[in-house]
Amino acid sequence: MYDLARKALKLAEQAGAEEAEIYYAANHSTGVNFKKDALENAKDRFSEGLGIRAIVNGAVGFASTNSAEELENAVKIAVAEARVRESDPDWVSLPSNGKYPQVSGIFDKKIEALELEECIVYAVELVKGTKEVPGTLPTSGGFTRSKSKRLILNTNGIEIEEESTAVSGFVDVITVNGDTSTAYDFAISRSLDIDFFALGKNASDLALKSRGGIKIEPQKTDVIFHPFAFSDILEEALAPSLDADNVQKGRSGLIDKLGEEFAVPELCIYDDGLVEAGIETSASDDEGVPSQHTTVIENGVLETYLYDSYTAGKAGVKSTGNGSRSSYTSPPSVGLRNFVIDYPQEDIIANTTSGIFVNTIIGAHTANSISGDFSVEARNAFTIKDGALDKPVKSLMISGNAFELLKNITGAGFDVRKVGGIITPSIRVSGMSVIG
Amino acid sequence: MTGIMQDIKFYDCRVIEGSSTSIVLDNGKIEEISRNFTRGAGVRALCGGSWGYTAVEGDIDLKCGVEAASKLAFSMNSSTPKEGVELAAVTSPDVKDLPEVRIDPRDIAIEEKVDLLKSIEEHAKIAGVHSTKVMYLESEFKVQYRSSEGLEREYELLNVGFAVSAVASENGVYQAGRESRFGYGYELFEKENALELAGKAGKTAIELLKAKTPKGGEMPVVLDQELAGVFAHEAVGHASEGDLVLEGDSILENRIGEQIASPLVTIIDDPTLHEFGYYPFDAEGSESRRTEIIRDGIFNSYLHSRETAAKLGGTPGNCRAQGYSMPVVRMSNTFIDNGDSRFEEMLEEVRNGMYLVGSRGGQVNTGEGIFQFNAEKGYLIKNGELTGLVRDVSLSGKTLEILNHVTHVGNDLKMTAGRCGKAGQLVPVSDGSPHIAISKALVGGA
């Protein structure tokens, strides 16, 4: 398919497209997975395909395929679809004149060269880590490595090709005696720097510590969100409102909030496609716009929304390099790049007299993505007493609002973690409503 | 290669070819028309206790696929040998009674589809609604299954459906109403009265603006068909999946034959129903069949793949995959079966509590048997009557406690189509229930 990308671009022009774009993506991943403590399967997956955007008279058509035989048909359909649509007055043009920044740390030759036997060793490390903690068993998990290649071409002269690699490990554990508790841990990286043994051990430690949870009274209290929990809330309850498309369509809680003091003054948030070895790092976004460092919140003030080239054209601003696709089968839309939370760090638990520490949450995806309201179940939560974790809490519901939450941040830990593209420490928020 | 193949006990291939169309209409404008053509295959091979799996997109050489999967299985088994996997027997499935399609959506011009979406959107845009979105989805695919045991079968399915959402706002408060339907022919739009549903979505958004957020706490509740269906699927269905049971990640492990629910509760999974979770045979070639998960409160059966059926004892037929992914145990059409209570009766019995309606999704921890679901809206029940509308309400608790606290099961079963995610794969499912009453549950609010 790779060799057909240039041909597809020509075909689109021949079929009558005034502008056209070809997005090629290929991925090869290898995964070794375990069930309980036994390796169960090895999976190899090859995926490769092309997405075609064709523009006729300010209207866009899109088609995609992974079959060389269907390519010509897909190109014609993309052009025909564009013809069906009325001209879109908000359409400006596909990106042009790409001058790309250098990014580093996203390709590791060692990952590309990994043999299955080595993948098996990493998966076994995860299992061994859990066995270090008696009284727990893994339920499932695995190791995955992947290599991706992307090529973006358009008729305005964009041509950018990039290769990247990643490894990840995931482990789910359960306690085997007495009170049942579960926990998980997960890590993803651009290079082979994950301690898989430690990952397994962490999950087991956490499950064991969570046994014998107590009930607590409904109250308003300080809650410290682990990076896993905090990133979940950001992604589901805050990020949708920063998406310029939602702002333009009246579906964002942040309309007319630019320039407002929107969060505590110590808080800065950046969207950054250039972070060294970031999971969302790349020279360009998914439509060929150069990646950049965007200040979203500076000292508590909301500075900008996030734009892809269409929403930027509509607003008369420059794209922030947030054109994003989940696969070659989708046209681009606005998506987060590396989303970096910056707040003065401290020894967060030690500096908290009383409150709750929450490791993970379930149900964040049920948040109201417009109003920012959320109501989630906390997992692996602990009470904090005199600067230390005290007792596990069995079941805990936390309700709040993502925008309010940013106004009530009172601290951040030293434990910065890359949770996919979201890079955040543990964050303490005052006056959260909890029901035990 | 021949050396390896001697040790390969079993292999199978699924070749899938298809195409899909989606149209998105946003605030009166066509936002997206896209078509996708795909083909690809997934190949499994079993060596001792290890599976090898190869998925390839595009033009496929099945022989290479089988060799690659076999190599993976062989290497895995050599480096970490373990007890061999047995597979429960399957017979060649009878592919018949596929869902009827009266109006083939492929015969409808794209312009006509766009016009239909426009009128759906207009119906959602009632006074006070300031933003609307309508999505049309159509997909056709052909699945061919072949195994080393000589099984060879295929079927084709054609799905169509739509989703409409409306957003209303007032004084910085935003609320959304959503409706969606999925089925098997273009007649769906008429049968389900798409225009009326769009109006309903608009009305919900506006109503919710005025709704209050309730005080949370423990109280008796009545669940509508959709939310009770989500409970059946998320809390009970997932915990009965044979693979999770074998992983030790289900509270239902070792409970077959036990009374785990109120005797009023019967929960069924049935892929033969022409609902959105329909399939004639599963991703292992097993013929689809109805399973009573819970019968009159007694836990009756897990859901199985060939592997889990052999290990736990049972019948396969619930192994599914998204596209070319490796199949895992999944639900199909899952529901709480009809009882004989009337809705009014439930309100009368509950007296004071909450009526929870619709679902904005939820999650469950099958190992600990804990769940959390967010309702779309709720009504306070006071003295046996529905009063003020509330929003941002959620339901959480322990699966087994809730099952035991069911006091009434209605006679108005309704199914809702959706997509279920597990192991990174989405598959079409439906779930449903009649109205049910629960004597005690934790409701989350402000």
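Modeller: Let's start with pairing: two strands pair if DSSP finds at least two bridges between them. Helices (H or I, at least four residues) and strands (E, at least two) are DSSP runs, numbered from the N terminus. This is a predicted model, where local features need pLDDT of at least 70, side-chain atom pairs count only at pLDDT 80 or more, and totals for chains, interfaces and linings use all residues. Residues are numbered from 1 along each chain as its sequence is written, while chains are lettered from A and ligands numbered from 1 in the order in which they are written.

Biologist: So which way do S3 of chain A and S2(B) pair, and over how many bridges?

Modeller: Strands of a sheet pair through backbone hydrogen bonds, either parallel or antiparallel. Here strand S3 (residues 59-65) of chain A pairs with S2(B) in the parallel sense, over four bridges. Look for Phe62(A), opposite Ser34(B) in S2(B).

Biologist: How many residues does the contact take from chain B and from chain A?

Modeller: Residues are in contact if their C-beta atoms, placed from the backbone, lie within 7 Å. The contact takes 61 residues from chain B and 62 residues from chain A. On the chain B side, strand S2 (residues 29-47) gives the largest share, eleven residues.

Biologist: And in what order do the six strands of the open sheet in chain A come?

Modeller: The order is S10-S9-S8-S13-S20-S19, with mixed pairing. At the edges, strand S10 (301-302) and strand S19 (417-419) of chain A each pair on one side only. Inside chain A, S13 (residues 338-342) and S20 (residues 422-424) run parallel, joined by two bridges, and Val340(A) stands opposite Ile423(A).

Definitions and conventions:
Contact = placed C-beta atoms within 7 Å.
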